[in-house]
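These are my notebook entries on a single protein chain.

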Amino acid sequence: MGGAVSAGEDNDELIDNLKEAHYIRTDLVEQAFRAIDRADYYLEEFRDNAYKDLAWRHGNIHLSAPCIYSEVMEALDLQPGLSFLNLGSGTGYLSTMVGLILGPFGVNHGVELHADVIEYAYQKLDFFIKTSDSFDKFEFCEPSFVVGNCLEITPESRQYDRVYCGAGVQKEHEDYMRNLLKVGGILVLPLEEKLTKITRTGYNTWETKKIIAVSFAPLVQPKNRDNGKSKLVPLPMFEVRTLQDLSRISIRHTLKKVINQEKPKNGTAARSAPRFKRRRVHRRRVDSVLLSNKHVFVSRMIPGPMDDNNNCDEIEEERAEEDEEDEEREHGDLKPDPPINLLREKILSLPLPEPLKMYLLYYREK
């Protein structure tokens with residue numbers, strides 16, 4: 001499923017295309033998509049395909065098309081502090097984007113059928129936290145994943161504000177999915193070949209809206225064990241923050257407020273880095289120009305005296321080489337300086353012991 005928008009050359013151009021096609025419609029969703037490079041969730045040998053609006057699968061690893069993820073993010077109507085459950089969490093790409101919106105006091109859980117995919121997801125999550133400057137631009141709700149079949153969640157599990165299922169749901173499992181929601185919660189899932197948004201308006205009342213036609217692999221049905229019973233999947237605990245974590249969150253939040261007060265506001269969604277290309281310009285070399293009596297004389301066009309070595313040809317060759325070098329520079333992209341990580345710079349400037357600074361930076365490598 002996918003191919004609804006043109007391929008981009010990089011992550012920002014992919015997001016531009018999704019916006020132009022109205023798959024991304026809100027600033028909050030745009031910021032989350034720009035913060036995480038989709039290519040980082042691909043295996044290295046497949047990165048060239050990352051900015052196409054297509055799904056990707058390699059073994060158990062799977063990513064939906066960008067247009068699907070953007071519709072899901074918009075439909076979930078995410079807000080800070082909500083609880084989110086991702087059924088079929090896969091690489092963690094969607095869960096990480098959701099975590100950027102939920103903030104430190106949200107809940108971000110995922111259930112994934114394959115243990116190797118969860119290992120892959122944690123590797124990508126660790127890479128994002130340790131190396132991406134985007135991490136410091138948001139207050140992050142780190143996702144937690146468990147292995148299991150999402151149709152075998154323990155009945156006593158708590159309900160969530162937002163739920164997404166990344167596999168095709170059979171009609172007989174619709175009520176099961178609905179009951180994972182709190183009253184007022186939103187469930188987004190592929191149901192009968194349609195991406196569907198279900199809102200729980202009361203204890204026994206629901207509103208259903210079809211979004212777009214989709215094609216998803218169906219949910220894997222539970223297998224009975226030797227004792228004839230299925231293996232129940234306990235969801236992660238709703239974590240209570242430690243006083244140490246709360247202090248770090250509060251300090252980083254205060255520093256971000258100071259930084260935002262210091263820099264000008266333009267009211268637009270921030271990109272991960274400025275992108276622009278140099279316009280190709282053809283220049284003609286002119287050594288000197290003499291204006292006299294409304295006539296223009298170009299010294300290079302008038303033969304001049306040659307030196308004793310008769311090296312006029314050598315001079316022309318040097319000039320031709322310089323012209324080629326200029327043209328090569330003009331053909332290439334003008335790459336801007338990487339953006340400064342203001343929060344990191346602010347923390348490093350504080351009069352604090354180095355171990356405390358590193359703790360405030362989450363021991364990040366970059």
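**Entry 1: two helices.** Before reading any helix angle, I noted that axes are lines fitted to C-alpha atoms, for helices over the stretch in contact, and that angles run from 0 to 180 degrees between N-to-C directions. I also noted that the model is predicted. I then looked up helix 1 (residues 11-20) and helix 2 (residues 27-35), which pack at an angle of about 155° with their axes 9 Å apart. Angles over 145 degrees count as roughly antiparallel, and therefore helix 1 is roughly antiparallel to helix 2. I recorded the crossing of helix 1 and helix 2 as right-handed.

I next listed the residues that make this contact. Helix 1 contributes Asn11, Asp12, Ile15, Asp16 and Lys19, while helix 2 contributes Glu30, Phe33 and Arg34. Sorted by class, the residues of the contact of helix 1 with helix 2 are five charged, two nonpolar and one polar.

**Entry 2: the loop between them.** I looked at His22, which is found in the loop between helix 1 and helix 2. Its phi is near 65°, a positive value in a residue other than glycine. I marked this value because most residues other than glycine have a negative phi. Is His22 buried or exposed? His22 counts as exposed, because its relative accessibility is 57% and the cut-off for exposed is over 50%.

**Entry 3: the next helix pair.** Helix 2 also packs with helix 3, at an angle of about 140° and with the axes 10 Å apart. This angle makes helix 2 oblique to helix 3. Helix 2 passes helix 3 in a right-handed crossing. On the helix 2 side I found Val29, Ala32 and Phe33, and on the helix 3 side Pro66, Tyr69, Ser70, Met73 and Glu74. The contact of helix 2 with helix 3 has six nonpolar residues, one polar and one charged.

Entry 4: In what order do the seven strands of the open sheet stand? I read the order as 5-4-3-6-7-8-9, with mixed pairing. Strand 5 (144-147) and strand 9 (206-213) are the edge strands, each pairing on one side only. From one strand to the next, the twist averages 15°.

I then went through some of the pairs, recalling that strands of a sheet pair through backbone hydrogen bonds, either parallel or antiparallel.

- Strand 3 (residues 83-87) and strand 4 (residues 107-112) run parallel and are joined by five bridges. Gly110 in strand 4 is the bridge partner of Asn86.
- Strand 7 and strand 8 pair in the antiparallel sense over six bridges. Thr199 in strand 8 is the bridge partner of Ile186.
- Strand 8 and strand 9 pair in the antiparallel sense over seven bridges. Arg200 stands opposite Trp206 in strand 9.

**Entry 5: two hairpins.** Strand 7 and strand 8 form a hairpin with two residues between them. Glu192 lies in the loop between strand 7 and strand 8, and its phi, near 55°, is a positive value in a residue other than glycine. Strand 8 and strand 9 also form a hairpin, with five residues between them. I asked how many residues of strand 8 are buried. Five of its seven residues are buried, so strand 8 is largely enclosed by the rest of the structure.

**Entry 6: helices lying across the sheet.** Helix 3 (residues 66-76) lies across strand 3, strand 6 (160-165), strand 7 (181-191), strand 8 (194-200) and strand 9. It runs at about 160° to strand 7. Helix 5 (residues 115-131) lies across strand 4 and strand 5, and runs at about 165° to strand 5.

**Entry 7: an aspartate in a loop.** Finally I looked up Asp136, in the loop between helix 5 and strand 5. Asp136 has a relative accessible area of 4%. Residues under 20% count as buried, and therefore Asp136 is buried. Which residues is Asp136 in contact with, leaving aside its neighbours within four places in sequence? I listed Arg252, Lys256, Asn341, Leu343, Arg344 and Arg364 as the contacts of Asp136.

Conventions. Residues are numbered from 1 along each chain as its sequence is written. This is a predicted model: local features need pLDDT of at least 70, side-chain atom pairs count only at pLDDT 80 or more; totals for chains, interfaces and linings use all residues. Side-chain values use heavy atoms; hydrogens and water are left out. Two strands pair if DSSP finds at least two bridges between them. Helices (H or I, at least four residues) and strands (E, at least two) are DSSP runs, numbered from the N terminus. Contact means heavy atoms within 4.5 Å. Angles under 35 degrees count as roughly parallel, over 145 as roughly antiparallel, 65 to 115 as roughly perpendicular and the rest as oblique. A crossing is left-handed if the near helix is turned anticlockwise from the far one by less than a right angle, and right-handed if clockwise. Ala, Val, Leu, Ile, Met, Phe, Trp, Tyr, Cys and Pro count as nonpolar, Asp, Glu, Lys and Arg as charged, and the others, Gly among them, as polar. Buried means under 20% relative accessible area, exposed over 50%, partly exposed in between (1.4 Å probe, protein chains only).
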